[in-house]
Amino acid sequence: MLRLESVSKYYAAPDRAIAVLDEVTLSIASGEFCALVGPSGSGKSTLLNLIGLLDRPSSGTLWIDGEAVAGCSAHESARLRNRLIGFVFQSFHLLPRLTAWQNVALPLQYRGVPRDAQRAAAEAMLARVGLADRTGHLPGQLSGGQSQRVAIARALVGAPRLLLADEPTGSLDSSTAQDVMALLAALNAELGVTVVMVTHDRELAASCPRQIALRDGRVLGSGSGTC
Amino acid sequence: MLIALPGIQARLGDTLAEAWSNLRSQGRRSALALLGIMIGTASIIAMLNGGHMAQRESLKLFAKLGVDMLQIGSAPTGDRPALLSQAAIDALARTDPDVIEAVPLANGRAAARTGGRTADIAILAAPPALATLANLRLAAGRHPAAVEECALSGVLGDAAARALSGPAAAVGPGSAVLIGGYGYTIVGVLAPVVPETLDPVDYNMAVLIPLHCARRIIPDGGPTGLLVRLRPGADTQAASERITARLATPDAKLTVLDARSILRTMQEQKAVHSRMLIWIGAVSLLVGGIGVMNVMLMSVMERQREIGLRAATGATPTDIRILFLLEAVLLTIAGGAIGSALGAAIAWVIAHSSGWDFALAPWTLALGPAAAGGMGLVFGLYPAITASRLNPIEALRAD
């Protein structure tokens, strides 16, 4: 599903280049649920951005669904993101002027899906995440847990192959966080979508079938944890 | 290439709706940006319609006689009277291909007196053809008939008749009026005449008498001027040169009033005005456009997270460019529409204060929003490109 080979990312400093990711080689199978763990500055977010095609590696190759995607243009990357990848962020990133269903429908809008079909699909996905009665609410009228559910619905409405979650529970209290984790796990099992989640929370990470640990831009171990 | 094709209709509809709601949420700031666009459009629309009405008004000055008309007058060069040859004038219509009709005229001034009232009036001696040529209508009575063979009869202008009328005795057909010492019988009174540029006299303050009977009251008697109707579209310049050459005498200096040249001069003067106003409008539009660019740039900066999120969900740089460009164009079209209405209102005030008939040139009303929208396209491009070039990662992290 996802393969990285010798992927490095450098940032130019005045006197030398700093490697944020150093020769990362990694493979994730279709339908896996992985936690990406490591201390701050270990390169977790950078790796997630590379996988999410929001950034390009300095060197190395990246395959998603069998396609080599490292050298795509901004336009092609956007098209691939739209088709293959869903994002969930720590701070939800819902557009405040759009209702829940309109937020969920965004990826479909960029696919050119007719408005009626957008709405139907968005409402179905909101029902799936338990928000059938909140489709017309604005983000300001939703709690944190509800907002993150809307964001998850938005990430999955286009039936992507890959869900990338960056600290998805970082802004939530622990019981809401557990609900959201349970939802992600259920969707992973149900839809077969591959999930890669960055987290600081050891407990959450431990609950994932596989953990990938990063330190100083290198992969320490990616053994399949306890299932 | 600005527009990507797949699903473009659905996407454009969505984008349009979003652009509109984004603008509404900007409220006051959008309205301020509109001000410059509104003023620019309003001044251009007001000016174009002002020009349009002015042109209609200047054409009215030739409504009675038309623009294919020459008025030729003669002034003495020496001691001898500046008389023109009646035969030469009569021959013009037969011999010059551009001349349809040539009517000789003689004029003078005299005091008119009746019932103890006096008025200084113009005397215009002309053949009966003048009434048709100048479209002079009678309010009462008739024109002097040729058969009256120099009976002292005449037709009074409307204002002259009223000036000579007393409270008890109105001057009208059958009244006796002493003109230049001769007792004339008034056989008709003209309906009021709207003065025009090529009128040889003010018909309202004149008495019209037959030309062949003029010798008694006008010192030299013969024609000292003429009105010439030309074939429509004739070259008035060339025709007036030919005619003055045919009529030239050593005693007279001929002057020609040419309706087309007068009109052209009037329009040229107006064009100078128009150009100035167009510049004012253009400068306002430019300032407004820069205002729109500023508002759009601020909007891009404030909505970085939104832009990053849209990029993450699959918006291509093109999609983002179109969203911001549409917002700018909608904003300016709205400003242009309001400005057009304002401009039309100003045009109405101009018409009202100038005593003109209010008339809008319909195409100018479409021009306003179109020009403003064009401004939006030009000045929205830079902010739109800025938005589309944001790095999604940094945009998502922005405060």
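Let me begin with the crossing of two helices in chain B, where α2(B) passes α9(B) in a right-handed crossing. Please keep in mind throughout that what you see is a predicted model. Helix α2 of chain B covers residues 28-60 and helix α9 of chain B covers residues 317-354, and the two pack with their axes 6 Å apart, at an angle of about 40 degrees. Since angles under 35 degrees count as roughly parallel and 65 to 115 as roughly perpendicular, α2(B) and α9(B) are therefore described as oblique to each other. As for the residues that make up the contact of α2(B) with α9(B), 19 are nonpolar and 12 are polar, while no charged residues take part.

The helix α9(B) has another partner that I would like you to look at, namely helix α10 of chain B, residues 362-388, and here the packing angle is about 150 degrees, with the axes 6 Å apart. The cut-off for roughly antiparallel is over 145 degrees, and α9(B) and α10(B) are therefore roughly antiparallel to each other. Their crossing, too, is right-handed, and the contact of α9(B) with α10(B) has 22 nonpolar residues, 11 polar ones and one charged residue.

How does this relate to the annotation? In an unreviewed entry, UniProt lists residues 31-51, 276-301, 322-351 and 363-382 of chain B under "transmembrane region". Taking two of these spans in the model, residues 31-51 of chain B are 100% helix and 0% strand, with end C-alpha atoms 29 Å apart, and residues 363-382 of chain B are likewise 100% helix and 0% strand, with their end C-alpha atoms 30 Å apart. The unreviewed UniProt entry also lists residues 280-392 of chain B as "domain: ABC3 transporter permease C-terminal"; that span is 87% helix and 0% strand, and its end C-alpha atoms lie 42 Å apart.

Finally, a few words on chain A, which has seven helices and 10 strands. Its C-alpha trace spans about 50 × 40 × 35 Å along the principal axes, and of the 227 residues in chain A, 48% are buried.

Notes: Residues numbered from 1 in each chain as written. Chains lettered and ligands numbered in written order. Predicted model: local features only at pLDDT ≥ 70, side-chain atom pairs only at ≥ 80, totals over all residues. Axes fitted to C-alpha atoms, helices over the stretch in contact; angles between N-to-C directions. Helix = DSSP H or I, 4+ residues; strand = E, 2+ residues; numbered from the N terminus. Left-handed = near helix turned anticlockwise from the far one by under 90°. Nonpolar A, V, L, I, M, F, W, Y, C, P; charged D, E, K, R; others polar. UniProt positions renumbered as here; feature names shortened; annotations may be inferred. Buried ≥ 20, exposed ≤ 12 C-beta atoms within 10 Å, placed from the backbone.
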